[in-house]
Amino acid sequence: MECPTCDYEFDPAAAGMQCPRCGASMSCSTATCAECDACEGLLEQLRRTASDRLRADGGDRE
Amino acid sequence: MDGCHDAGCDASEIDADSTLALVGCPNVGKSVVFGELAEQYVDVSNYPGTTVDTTLAEFGDYQLTDTPGVYGISAFDEEERVTREIVLEADAVVNVVDATHLDRDLFLTLQLLDMGIPTVVALNMMDEAEAGGIDVDVEALEEALGVPVVPTVAIDGEGFDELRERVPEATAPESTDIEAYYEELPDELEASRREKTLLVEGDEDLAREADVGGVMADGGSPALVDPGLREEVYGQRRSRVQSIVDSVQNVTRTDESIGDRLSDLMINPLTGTPIALAVLGLIYYFIGDLVAQRLVDKLEGEILAAHYIPAVESFVGGLLPEAGWIEPIEFLLINDNLGLLTVTVQYIVGTLLPLVIAFYLAIGVLEDSGVLPRLAVLTDRGLNRIGLNGRAVVPMIVGVGCVTMAVITTRMVGSKRERTISTALLGLGIPCSAQLGVIMGLMAGLGLIYWFGYLGILLVVLGVAGVFLDRTLPGESEALVTELPRMRIPRPGNILRKTYNRAKMFLREAIPLFAVTALAISALDYVGGLAAIQDGLRPLTSLVGMPTDFGQILVLGLIRRDFAAAGMTDMALSSAQVFIGLVVITLFVPCILAMVMILKERDAKSAILMWLGSWVVAFGVGGLLAAAFGVIA
């Protein structure tokens with residue numbers, strides 16, 4: 001996927017949800033599943049999306 | 001430390017032994033640092049992408065180069081290529097790092113050190129880090145990096161004495177962890193440490209030129225290393241960044257400031273839209289009422305028209321001899337329409353200057369307070385509908401200052417497609433500050449409803465043109481990528497300095513052009529050419545319900561947009577005609593300088609299409625308005 005901060009193209013499945021160049025953290029709210037193939041299956045997609053949403057609702061401004 | 005002139009200088013003008021590059025991520029304050037080190041003014045803004053070209057200046061024994069902001073030394077896009085070329089050749093680097101984004105910026109720093117480039121780090125925005133509860137241990141950072149680190153607050157000029165002193169101490173560690181990866185390169189490769197670092201990161205441009213055992217790859221397969229090695233190198237460097245950040249930075253949670261709350265309100269469409277409209281209303285009151293109505297009336301009417309023009313007419317009349325051949329010269333100098341020494345001076349000093357200064361003051365406040373980038377976020381969704389993203393609001397707003405400058409800043413909006421759309425919209429319907437100032441002055445006499453009507457028509461035209469271009473041009477738009485600087489109370493010193501320099505640059509460009517135009521128009525007027533052109537334009541002026549004299553306004557508008565607006569101030573027109581005339585001259589062709597810039601930045605075909613399209617749109621919309629108002633002669 002392409003990092004929304006620095007445009008660097010990386011593979012979230014290998015590098016994780018942080019851009020290896022600028023360090024920007026990705027989440028399910030900053031990238032769609034079509035752009036990102038970090039999750040191995042539908043269940044992980046649901047789990048990650050839900051935890052991202054809960055974290056955002058918890059007031060974490062990051 | 002000699003600056004050459006306001007906009008930097010040519011390499012040939014600089015007598016320097018070494019080269020020093022100013023490198024950093026976008027929007028970290030490189031241009032302010034450049035201005036401080038070179039002791040010359042550089043027009044800077046607190047949104048990313050202001051520097052789209054390199055700028056040179058002399059700094060001690062160095063040739064100092066300001067570079068476009070990049071997140072890493074690589075060749076993924078044009079700006080990165082430009083910066084990479086400069087860095088590969090530089091003797092030393094001043095790496096400007098944003099203290100509030102250490103985790104992001106130290107990647108570039110470690111990359112420079114991996115390349116073995118002598119570096120000094122300017123740890124900028126220390127005031128903002130402090131305000132955000134970020135405490136950076138500068139000594140620990142210096143020790144961790146192994147190079148000088150100088151804390152600075154560029155905008156206030158803090159830390160520059162130390163930075164100037166420590167530039168000669170620029171250094172790089174003898175070796176770094178990257179060297180382990182050099183083994184992946186072919187044994188026969190002859191390359192410097194800088195090149196080896198980029199090669200293990202998969203730099204394709206360098207790989208093409210690589211000298212492997214005396215055999216240049218020259219267009220062959222660019223892969224000198226395993227394609228996955230870059231990810232590994234980057235990942236390893238990011239771990240080092242994280243480890244340094246963890247050891248030197250301490251973040252304490254601070255309460256949300258008023259600026260943060262205001263920022264949230266501004267980027268929320270529900271609250272941000274009324275705030276943006278209120279800001280526009282305030283600007284209108286300041287420029288359209290206070291300056292255009294009161295100050296300009298006083299300057300132009302009570303001082304220049306009452307005292308200056310009679311005095312000049314009397315002086316020139318007395319100076320020139322009574323002879324037939326002198327009549328045309330006297331006409332050029334003091335005729336009532338556009339005399340070089342009378343009406344031209346009255347326009348420049350009495351109308352343009354106060355309005356342009358007022359406009360630059362208003363834009364300066366919006367920039368310095370951090371409102372402009374928030375407008376980019378707010379307008380992103382709307383701009384998406386016309387094939388642009390929120391970044392395009394910056395050229396559009398810069399275009400309200402000067403379309404010529406804005407055409408250059410379209411480089412920051414993304415792909416060629418978006419650049420074409422934003423350039424076309426700039427040329428079509430964005431009035432420049434000088435023109436807008438005069439327009440606001442004329443609109444003030446009509447009332448606020450006409451002002452909003454004018455803005456509404458421009459928005460509709462821009463919207464329709466944008467949708468048309470979005471649907472006809474090939475390709476797809478890019479998403480918005482921008483950073484929001486902290487909102488703050490604007491600094492009067494900054495705003496005044498920007499306003500002074502921008503007004504100075506404007507006058508430097510406008511006065512000679514205005515003078516030449518005035519002479520040309522007066523000469524045409526004298527020989528009857530103006531009347532002929534006006535007659536030729538009669539079908540068009542009739543179409544939009546304007547008198548034949550409006551043809552002269554159009555001729556002025558071909559040269560500069562503000563000349564046309566200023567020319568309308570002396571015409572006897574009804575309210576509807578003033579309104580229609582202002583819409584037509586706004587949508588009419590870009591000024592000569594803007595056209596030159598469009599030719600330079602785009603291509604001849606696009607420029608001609610934009611120029612012709614402006615005629616069609618201006619008179620199409622003007623004709624519709626005239627029909628609606630029922631003023632067709």
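Tutor: Let's start with a rule: a salt bridge is a side-chain nitrogen of Lys or Arg within 4 Å of a carboxyl oxygen of Asp or Glu. The model is predicted, so local features need pLDDT of at least 70 and side-chain atom pairs pLDDT 80 or more, while totals for chains, interfaces and linings use all residues. Residues are numbered from 1 along each chain as its sequence is written, chains are lettered from A and ligands numbered from 1 in the order in which they are written, and side-chain values use heavy atoms, leaving out hydrogens and water.

Student: Why is the pair B:Asp114 and B:Arg240 called a salt bridge?

Tutor: The N to O distance between their side chains is 2.8 Å. The rule asks for a distance within 4 Å between an Arg nitrogen and an Asp oxygen, so the pair qualifies. B:Asp114 sits in helix 3 (residues 102–114) of chain B and B:Arg240 in helix 10 (residues 229–248), so the bridge ties together parts 126 residues apart in sequence. Helices here are DSSP runs of H or I with at least four residues, strands are E runs of at least two, and both are numbered from the N terminus.

Student: What makes B:Asp114 and B:Arg240 buried or exposed?

Tutor: Buried means under 20% relative accessible area, exposed means over 50%, and partly exposed lies in between (1.4 Å probe, protein chains only). B:Asp114 has 0%, so it is buried. B:Arg240 has 16%, so it is buried too.

Student: Which parts of chain B do B:Asp203 and B:Arg84 come from?

Tutor: Their side chains meet in a salt bridge at 2.8 Å, N to O. B:Asp203 is in the loop between helix 8 (193–200) and helix 9 (204–209) of chain B, and B:Arg84 is in helix 2 (residues 78–89), 119 residues apart. Both B:Asp203 and B:Arg84 are buried.

Student: How many salt bridges are there over all chains?

Tutor: The structure holds 22. B:Arg81, B:Glu204, B:Asp205 and B:Arg208 are linked in a network of them.

Student: Which residues form the salt bridge between chain A and chain B?

Tutor: The rule finds one across that interface. B:Glu80 pairs with A:Arg21, with the closest N and O atoms 2.9 Å apart. The side of chain A that touches chain B has eight nonpolar, four polar and five charged residues. Here Ala, Val, Leu, Ile, Met, Phe, Trp, Tyr, Cys and Pro count as nonpolar, Asp, Glu, Lys and Arg as charged, and the others, Gly among them, as polar.

Student: How many residues of each chain are in contact?

Tutor: 17 residues of chain A are in contact with 19 residues of chain B, where contact means heavy atoms within 4.5 Å.

Student: What makes A:Asp7 partly exposed?

Tutor: Its relative accessible area is 38%, so A:Asp7 falls in the partly exposed class. A:Asp7 lies in the segment before helix 1 (12–15) of chain A, and its phi is near 70°, a positive value in a residue other than glycine.
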